[in-house]
Amino acid sequence: MITGSDGQSRAAGSPKKPLISIKNVGLSYGNFQALTDVSVDFYQGELVGLVGDNGAGKTTLIRIISGIIPPTSGEVYFDGERIIKFHPKKAIDLGLECIQQAIGLCDNLSVGRNYFLGREPVRRILGLPFLDKKKIREASAKVVHDFGLRDSVDVDDEIALLSGGEKQTFKIARAVTFRNRVIIMDEPTNHLSVRERTRVNELAVQLKQQGLLVIYITHDIFQIHRIADRIVILENGRKVTDVPRDAMSAEALEGIIRDGSRTSTKEPKVS
Amino acid sequence: MRAAIAHLVRRHPEGGTVTLVVLISLTFAIVTGGSWLSTGNLQSLSQLTAVLAIMAFGEAIVIATGQIDISVGSVSGIGALTFLGLAPVVGSGFGLVAALLFGVLIGGINGVFVAFLGIPSLLVTLGTLFLFQGIGYAVTSGFSFAASNVVRKQFIYNGFGGGTVAGVNTGVIWALTILVVLQLAVFEMPVGNRLLAIGGDAASSFSRGVNVTRIKFGVFVVSGVLAALSGALDAAFIGYADGSFGAGMELSAIAAAVLGGCHLAGGRISLIGTLLGAFILRGIQSFLIILGVQPQWYILVVGLIVVLAGLADRTLTRLVLKR
């Protein structure tokens, strides 16, 4: 394993305790070992690139962090508190937002309803919770406008009417505008145009500068090397590298991924 | 022009059904020389529509989450038998409560198997359909329960399908009340937003923190209790019930929902459309009766309508989702 010069790598000048701490986490689906003994710390105000080939275990790791699946062994700590019950609601309540490739939006719901899904604003009438449609409309319209989606997007329209890039931008916008502490981006620039991609990367850096922890998952080492503070490489479900960006060149890191992928196996789909 | 139509259909999925209601009402009225629109027929039609609609509302809620409940026919039978069987013994109030509790129980069984154990709803509810139909036949074993004169005078009995208010069967009032309540819950409350979200994309809903299991369980309980209520209301109207009560009603309930603009894939439903769908089916039934056509043909007509509605549904969905 290659680590930073201080043995325990971290963002420059932050001798604080980790916001998320993964200790010896393993996950197996039957006989298949998706993650093996992975330990990694993530700090506030840090942009970490989580890199690896297909099937390396990146998505599995963030699924654990965002509460979608519990690990089969090991411990996860958030802000010093050990997580016992894994559920997406818990992660969201802790201020952790995950932008995933394939999921996150319900095509049949309007833009506004998707924006607030799971935390709908309500007005109480006779003690009963009714959707605050005015607030839903106004807040989501502001986001649509601020993040430069088409002016023709009506927040009452079903989200299925947005393009792939618009949907991705919308998911990021949603993650950003709710007050969060951690933003996880799973291959956020897939299906995006060059200009949209630059914009997403700028956004990731801005979030970090605002003091958030940003975990950025990608297999494009050159892209992430430009913006990340630290690079963590997974391979066959194990952590193989964890270095500050300045410690290694993108080419050297790419070499690690390339050499490792010869022995990698495909990760099964999780349903 | 097409964009305008697409917009209209998107916002008002029951639009097609409304048009259909107007068209068949006019046609039936003209063909029967006005007798289809007579007060007597409309009174009977509204009662028939109400009991089917209540069952179909529950079906629509289940369909909203992308599931199906085909046990509703049997559940309504159990509701009817419990109500009429217990009313002479414990009074119609307790009889009704017991009927509704059976609805909760059967719905709960369906819900546990579907939501917690992950078994396909078609399979689970097919099982409970047969199971409780069998129990219905076994309990009555050739006999039927009839409401005694004492029971027929009871307030609850009259308030739940046995009597009328200003010429309107009390079942109709219940159907409209339930429509309002469900309409608010599904389209105006957070729980409805999550319900529709699950039907649209369960994995995405889960990732947003929605409790998918609990909501899936809940819709089957709602469907169960509404089916039992529907059976009790109809039994009170007719005054007797036997083991075959409610048999085949599940098909009409599903047909009413589909006809009303509920997408079987989940995520898009219309409750007003479902009410209209029930009205259309019952309207056709009464039309066939007035014409003197054998009632068996009704089944054939329902089948045809479902296929045609499915076809129209596909066309409309394509139109709606075109950018």
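Modeller: One term to begin with: two residues are in contact if their C-beta atoms, placed from the backbone, lie within 7 Å. This is a predicted model, where local features need pLDDT of at least 70, side-chain atom pairs count only at pLDDT 80 or more, and totals for chains, interfaces and linings use all residues. Residues are numbered from 1 along each chain as its sequence is written, while chains are lettered from A and ligands numbered from 1 in the order in which they are written.

Biologist: OK. How many residues of chain B are in contact with chain A?
Modeller: 22 residues of chain B, and they touch 23 residues of chain A.

Biologist: Which element of chain B gives the most to that side?
Modeller: H10(B), with six residues. Helices and strands here are DSSP runs (H or I, at least four residues, for helices; E, at least two, for strands), numbered from the N terminus.

Biologist: What scores does the predictor give the complex?
Modeller: An ipTM of 0.83 and a pTM of 0.85.

Biologist: Switching to chain A. How many helices and strands?
Modeller: Eight helices and 13 strands. Its C-alpha trace spans about 60 × 40 × 40 Å along the principal axes.

Biologist: Is H5(A) largely enclosed or open, and why?
Modeller: Largely enclosed, because ten of its 14 residues are buried. Buried means 20 or more other C-beta atoms within 10 Å of a residue's own (exposed is 12 or fewer, partly exposed in between), with C-beta atoms placed from the backbone. Phe170(A) and Ile172(A) are among the buried ones.

Biologist: What do they pack against?
Modeller: Strands S7 (96-99) and S10 (182-186), plus helices H3 (111-116), H4 (133-146) and H6 (194-209), in chain A.

Biologist: Last topic, sheets. What is the order of the four-strand open sheet in chain A?
Modeller: S3-S2-S5-S6, with antiparallel pairing. Strands S3 (32-42) and S6 (81-82) are the edges, each pairing on one side only. Two strands pair if DSSP finds at least two bridges between them.

Biologist: How many bridges join S2 to S5 there?
Modeller: Five. Ser21(A) stands opposite Tyr77(A) in S5(A).
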